[in-house]
Amino acid sequence: MSSPLNVAVQMDPLEHVDINGDSTFALMLEAQGRGQKLFVYEVPSLALGEGTTSPGGATSTHVSASLRSVTVRREQGNHATFGEPVRRSLGEMDVVLMRQDPPFDMAYITATHLLDHVHGIGPGKALVVNDPRWVRDSPEKLLVTHFPHLMPPTLVTWDVGQIRAFRAHWRDIIVKPLFGNGGSGIFRIKEDDQNLNALLEMHFARSREPLMIQRYEPAVKQGDKRIILVDGLPVGAINRVPSGDDHRSNMHVGGVARKVALTERDKEICAAIGPFLKEHGLIFVGIDVIGDYLTEINVTSPTGLQELERFDGVNGAGAIWDCIEAKLKKGA
């Protein structure tokens with residue numbers, strides 16, 4: 001770009017990130033290396049109100065946040081230096097990275113509605129990555145249901161009878177909350193497991209949300225593959241292998257990342273979903289593949305960039321910024 005970009009990163013506290021594993025930190029390092037000016041803010045500082053009034057009397061909507069300028073470095077315990085917080089319009093930014101972690105609850109959804117007022121390219125707008133409307137309309141575990149030919153057998157329901165019948169048919173199942181993250185609340189229930197009824201009672205006593213039930217895929221023992229896509233195209237993958245005492249492969253719960261290559265089936269899956277991602281402004285996406293099956297399409301705050309670079313030398317953060325800069329140049 002001809003002049004430095006102003007980049008605001010909407011995220012959880014930067015002070016607490018793992019600098020050797022966090023994908024947002026990798027994106028910030030890459031941006032800073034390109035000369036871009038970085039700012040950070042947290043979701044609770046967002047505010048929407050009236051902005052300026054045009055000569056014709058029309059009043060614009062103004063979205064602001066408490067921004068801190070920041071410089072980042074790969075130094076454990078000294079990885080960020082902050083400026084003082086200043087409330088600024090997000091329309092003064094060129095790019096907003098929406099990188100706070102789920103849960104995908106009403107607070108998350110509300111933040112996407114506020115960012116809708118900012119998203120765009122041009123004066124008073126900022127390119128929000130990923131597109132907030134399509135983040136809102138693409139819950140990770142539900143978006144995949146639009147590609148049923150790529151999924152394992154799946155049921156989404158509140159109906160306990162349907163869940164029992166699904167277990168009776170498939171015998172070995174996975175029970176997932178629809179809007180969780182990091183592997184939290186995921187249970188494997190085998191044919192002879194007597195805990196299914198108690199689990200369902202506990203969930204529905206605490207939540208009005210349905211559950212996702214899927215056939216258990218034994219291939220998960222060989223790993224749950226995270227494939228990174230940039231603007232609809234795969235740039236690489238890592239394999240997340242469960243620890244010996246857990247059926248889950250998420251790194252938040254002890255899964256171990258390993259090097260892995262894309263298979264022909266992986267490429268087929270990416271080719272099937274890629275055009276949708278590109279069309280809807282989902283620039284940075286991480287999909288989960290177990291064996292031959294697509295299980296999730298992660299669009300909120302995908303991870304895996306640092307592991308991908310360590311294993312394969314692929315600069316995924318660089319590919320994402322190349323894409324963002326190209327879109328800004330094209331839209332200018």
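Predicted model: local features only at pLDDT ≥ 70, side-chain atom pairs only at ≥ 80, totals over all residues.
Residues are numbered from 1 along each chain as its sequence is written, and side-chain values use heavy atoms, without hydrogens and water.

**The cavity**

- The structure holds one cavity of 30 Å³ or more; a cavity is a set of points on a 1 Å grid over the protein atoms alone where a 1.4 Å probe fits but cannot get out, and lining residues have an atom within 4 Å of a point.
- Which residues line the largest cavity? They are Leu27, Leu97, Met98, Arg99, Val129, Asn130, Phe284, Val299, Thr300 and Pro302.
- This lining has seven nonpolar residues, two polar and one charged (Ala, Val, Leu, Ile, Met, Phe, Trp, Tyr, Cys and Pro are nonpolar; Asp, Glu, Lys and Arg charged; the others, Gly among them, polar).
- Look again at two of the lining residues, Val129 and Asn130: the peptide bond from Val129 to Asn130 is cis, with omega near 0 degrees.
- Asn130 sits in the loop between strand E8 (127-129) and helix H3 (132-136); helices (H or I, at least four residues) and strands (E, at least two) are DSSP runs numbered from the N terminus.

**The domains**

- The protein chain is split into domain 1 (6-136), domain 2 (140-144 + 219-298 + 302-315) and domain 3 (153-216), with bounds from an automatic or database assignment.
- Taken over C-alpha atoms, the centres of domain 2 and domain 3 are 23 Å apart.
- Where domain 2 meets domain 3, 12 residues of domain 2 are in contact with 18 residues of domain 3 (heavy atoms within 4.5 Å).

**The second largest pocket**

- This pocket has a volume of about 370 Å³; a pocket is an open set of points with protein on both sides within 12 Å along at least five of seven lines.
- Where does the second largest pocket lie? Domain 1 and domain 3 both give residues to its lining, so the pocket lies between them.
- Of the 18 lining residues, Pro177, Gly185, His203, Arg206 and Ser207 lie nearest the centre of the pocket.
- Strand E10 (173-177) and helix H6 (196-206) each supply at least two lining residues, and the largest share, four residues, comes from H6.
- Sorted by class, the lining has nine nonpolar, five polar and four charged residues.

**Helix H6 and its partner H5**

- The axes of helix H5 (residues 160-170) and H6 come within 11 Å and cross at roughly 145 degrees (lines fitted to C-alpha atoms over the stretch in contact, with angles from 0 to 180 degrees between N-to-C directions).
- H5 brings Val160, Ile163, Arg164 and Arg167 to this contact, and H6 brings Leu196, Asn197, Leu200 and Phe204.
- Five of these contact residues are nonpolar, one is polar and two are charged.

**Two loops with positive phi**

- Arg171 lies in the loop between H5 and E10, and its phi is near 75 degrees, a positive value in a residue other than glycine.
- Asp231, in the loop between strand E13 (224-230) and strand E14 (233-241), has a positive phi near 55 degrees and is not a glycine either.

Technical notes
Points joined across faces, edges and corners; volume = space filled by probe spheres on them.
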